[in-house]
2 protein chains.
Amino acid sequence: MPTPQLPDASISAVERETGLSKDTLRIWERRYGFPLPLRDAHGERLYPQDQVHKLRLISRLLGRGLRAGQLVATPLEALIARASGDEDKPAHAAARPEDGELFDTTLRLLATYDETGLRSHLSLALQRLGLQRFVIDFAARMNLRVGEAWSLGQLSISQEHLYTEQMQHQLRQGIGAIYPGVRHPSVMLTTLPGEEHQLGLLMAQACLAVEGIRCVSLGVQTPAWDISEAARQQGVEVVGLSFSEALRQKAALEMLKDLRAQLPQHIEIWAGGARWARLRRRIPGVRFIARLEELPRVISDYRAEHDPA
Amino acid sequence: MPTPQLPDASISAVERETGLSKDTLRIWERRYGFPLPLRDAHGERLYPQDQVHKLRLISRLLGRGLRAGQLVATPLEALIARASGDEDKPAHAAARPEDGELFDTTLRLLATYDETGLRSHLSLALQRLGLQRFVIDFAARMNLRVGEAWSLGQLSISQEHLYTEQMQHQLRQGIGAIYPGVRHPSVMLTTLPGEEHQLGLLMAQACLAVEGIRCVSLGVQTPAWDISEAARQQGVEVVGLSFSEALRQKAALEMLKDLRAQLPQHIEIWAGGARWARLRRRIPGVRFIARLEELPRVISDYRAEHDPA
DNA sequence: GGCACGTTTTGTCCTGGACAAAAATTGACA
DNA sequence: TGTCAATTTTTGTCCAGGACAAAACGTGCC
């Protein structure tokens, strides 16, 4: 195999390629003795491609919760085994046959970067299931499968992008096809800073749309102050926030409290995301919605409380 | 009006917001005495919002060839005058008088967070202009107006989100309405790490769609290695990259060179973005497309070269 | 299982010196 | 006067090594 003979990389180049900061690269060298780059005529670090390759692997595995000190000490072969291992092991295969096929087909199309096939596959699924079941029975679980496959090294970051992109497209299509509702409560949707997953937001918007509610979406990562300002100006009744596992629990709760303090009492906060399933202490004035299935009940609760007539 | 009391920003936050590296921020402080951040209890820098604001303006002007030493010494008012003053004139001048109204109405709707109004306004504009003119004559210029208003503090971050969200929605609608084409060249679209603006990507996709080209989109921030891998697997003929002003010029060029070295010779790179208008040295094997108007010519050039029959 | 508490690991920030690449200036020469 | 090479100034990145807070881990308790 004619491996392209790329030149040795500067520390900036390695930062870009691997996502590891310059500071991190230097301190690993100091602490663990790896990477151990060459030096150019002026004493600046030059990383050979094989070290860059190993760093890229380490960077991926770091994202799965493995620890830096152990990874850098691991020989390259063992890293490769871990990164690509478990490749063909359907250990926890699908429970229900017909659901399994939807999931597996999606993964298969992703594996070959088949955008066209993926688009038509998802579109058919949406038409067959209808928007609500598409979101709750399919999309929510598919997200888990894809996230898992990525963390096992079976999907690259660009394949995950491909999935996200197409799924968002289908959801927007589905939402756009519904004639805008006018039922209460009016909801403003967004996420807090540090939370950049938009998919959850769109799934929530879909579930609200099928209840006849029209949402104002502010996109992702809106600072608390901006949220309260926009909510006031728009006169919405509820602020809906979506959470993945990306934010730390403590930080998430603190930001929620901040926002609660800034918003007028009469505006409710609905916080959505699987993470709330294991929540201990609730916050007054905030409703936690661990699964999208609960949304219809929350909505009817709200309507009962605010419009008893 | 109660001024928003945003918290002071850490040096990482400022790096993210302005695109100026930590090293640069520190050495400006040492050399020029600006920025002059506060310090927290542990001696770490805390940048007040007004300094961040000025840094953002400076960063913009730096991109136009102005010099750092002079800019940091310039008082804020003069910077604002320059930033809003001698921006490229044709960008502001509406092609036709009634188009100017399109811009002003959009800004007015944004000012009041009027999502419904904005959506219908943009939708009407799309229907009236058609996809191609909507992108080239309206969206491209509107983006400049909104970006400028944001850097001048006239729009909040959430208002910019609102704009981006709605504009993306319209573009997706427009693209989705076109029956998928099959003409050459086949294009894979994405952005490099650090470039998270998706709008440019969608505008490019729209322009390609009206030429009968179907794109594979990998979303934003794809590492160079993933791009070359996906391009090979998909067998595309062109990799299209979108650039805003977010990345520093030097970093952008270096990443482009890296990618060029990794991709097979026969796959072209098309680099899009207004920043290339003031490019000095070109890179062999990369076509720079400063304005979307140039795209049709580039496409016909490509077809002439690769299919002379 | 959840929570409060020390301990270890890990990444980011700090200072201040050095220097290369780019830009501006100077000077020689056609 | 215009061009080009050489020199100076400007500017951003790199380096070393110390410090420390936040995260991860482990342990004991309710």
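## Chain A

Of the 309 residues in chain A, 49% are buried (under 20% relative accessible area with a 1.4 Å probe, protein chains only), in a model that is predicted. The secondary structure of chain A comprises 13 helices and seven strands, taken as DSSP runs (H or I of at least four residues for helices, E of at least two for strands). Chain A exposes about 15,700 Å², of which carbon and sulfur atoms supply 53%, as given by the Shrake-Rupley method with a 1.4 Å probe.

## Interface of chains A and B

Between chain A and chain B an area of about 3,500 Å² is buried, 48% of it from carbon and sulfur atoms, where buried area is the accessible area (1.4 Å probe) lost on putting the two parts together, summed over both. In chain A, the residues that lose the most area to chain B are A:Arg16, A:Tyr113 and A:Arg172, together 19% of what that side buries.

Six salt bridges are found across this interface (a side-chain nitrogen of Lys or Arg within 4 Å of a carboxyl oxygen of Asp or Glu). The side chains of A:Arg16 and B:Asp258 form a salt bridge with an N to O distance of 3.2 Å. Helix α9(A) contributes eight residues, the most of any element on the side of chain A that touches chain B.

## Helix α10 of chain B

Because 16 of its 20 residues are buried, α10(B) is largely enclosed by the rest of the structure.

## Basis

Local features need pLDDT of at least 70, side-chain atom pairs count only at pLDDT 80 or more, and totals for chains, interfaces and linings use all residues. Residues are numbered from 1 along each chain as its sequence is written, chains are lettered from A in the order in which they are written, and side-chain values use heavy atoms, without hydrogens and water.

Key
Buried means under 20% relative accessible area, exposed over 50%, partly exposed in between (1.4 Å probe, protein chains only).
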